[in-house]
Amino acid sequence: MAQMIFVNLPVKDLEVSKDFFEKLGYSINPQFTDDKAACVVISDTIFAMLLTEPRFKDFTKKDIADASGTTEVILALSADSREKVDELADAALAAGGSPANEPQDLGFMYGRSFQDPDHHIWEVIWMDPAATMGES
């Protein structure tokens, strides 16, 4: 079985967050979704668990970071092409997200970033396959 990752994120308004990610083309797995949590299916092995802040608090004794003023994590997703980077970043901005940083274009690598409605930072990155294999 392939290893999976479940990124748990606190959200202020679960319905707003679900709507945002659905507008990016991701689905919500109803098996792991209720009025306190939603499972966003990013790929076969990557999931974002959106948890209302009270539900998120059940899993930690620490304070929940206010992502509008503190960066607690930067989530990076790969894309198959530069065009796919732009598609996802543009969809995020159109769905109510906000820009996070300036686009980065190093020729062999291209990325853009955005903030979701709860200010979590997401990066979308394309890398030239030849560059990742050490080819020139």
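Where does Ala 65 sit? Ala 65 is found in the loop between α2 (53-57) and β5; helices (H or I, at least four residues) and strands (E, at least two) are DSSP runs, numbered from the N terminus.

The views below come from a predicted model, in which local features need pLDDT of at least 70 and side-chain atom pairs count only at pLDDT 80 or more, while totals for chains, interfaces and linings use all residues. Residues are numbered from 1 along each chain as its sequence is written, and side-chain values use heavy atoms, with hydrogens and water left out.

**View 1. Ala 65 and its loop.** Let us stay with Ala 65, in the loop between α2 and β5. Ala 65 is partly exposed, with a relative accessible area of 35%; buried means under 20%, exposed over 50%, and partly exposed in between (1.4 Å probe, protein chains only). Pro 10 is 55 residues away from Ala 65 along the chain, and the C-alpha atoms of the two are separated by 8.9 Å.

**View 2. The largest cavity and its lining.** Ala 65 and Pro 10 turn up again here, as both line the largest cavity. Also in this lining are Lys 12, Glu 53, Asp 66, Ala 67, Ser 68, Asp 118, His 119 and His 120. The space inside comes to about 60 Å³, and the structure holds one cavity of 30 Å³ or more. On a 1 Å grid over the protein atoms alone, a cavity is a set of points where a 1.4 Å probe fits but cannot get out, and lining residues have an atom within 4 Å of a point. Grid points are joined across faces, edges and corners, and a volume is the space filled by probe spheres set on the points.

View 3. Is His 120 buried or exposed? His 120 counts as buried, because its relative accessibility is 1%. His 119 counts as partly exposed, at 31%. Setting aside residues up to four places away in sequence, His 120 touches Leu 9, Pro 10, Ala 67, Glu 72, Phe 114 and Gln 115 (contact means heavy atoms within 4.5 Å). His 119 has a phi near 70 degrees, a positive value in a residue other than glycine. Most residues other than glycine have a negative phi.

**View 4. The largest pocket.** This pocket has a volume of about 270 Å³. Of the 14 residues that line the largest pocket, Tyr 26, Leu 77, Ser 78, Ala 79 and Leu 88 are the closest to its centre. Which of the elements gives the most to the lining? That is β5, with three residues. A pocket is an open set of grid points with protein on both sides within 12 Å along at least five of seven lines.

View 5. The structure holds eight salt bridges, each a side-chain nitrogen of Lys or Arg within 4 Å of a carboxyl oxygen of Asp or Glu. Asp 105 pairs with Arg 82, and their closest N and O atoms are 2.6 Å apart. This pair links distant parts of the chain, with Asp 105 in strand β7 (residues 104-105) and Arg 82 in helix α3, 23 residues apart. Asp 105 is partly exposed at 45%, and Arg 82 is partly exposed at 26%. Lys 84 and Glu 87 also meet in a salt bridge, at 3.5 Å from N to O. These two are three residues apart in helix α3, so about one helical turn separates them.

View 6. Asp 90 and Arg 112 join in a salt bridge, at 2.9 Å from N to O. Because Asp 90 lies in helix α3 and Arg 112 in strand β8, the pair ties together parts that are 22 residues apart in sequence. Asp 90 is partly exposed, at 41% relative accessibility, whereas Arg 112 is buried, with a relative accessible area of 15%. Asp 86 belongs to the network too, linked with Asp 90 and Arg 112.
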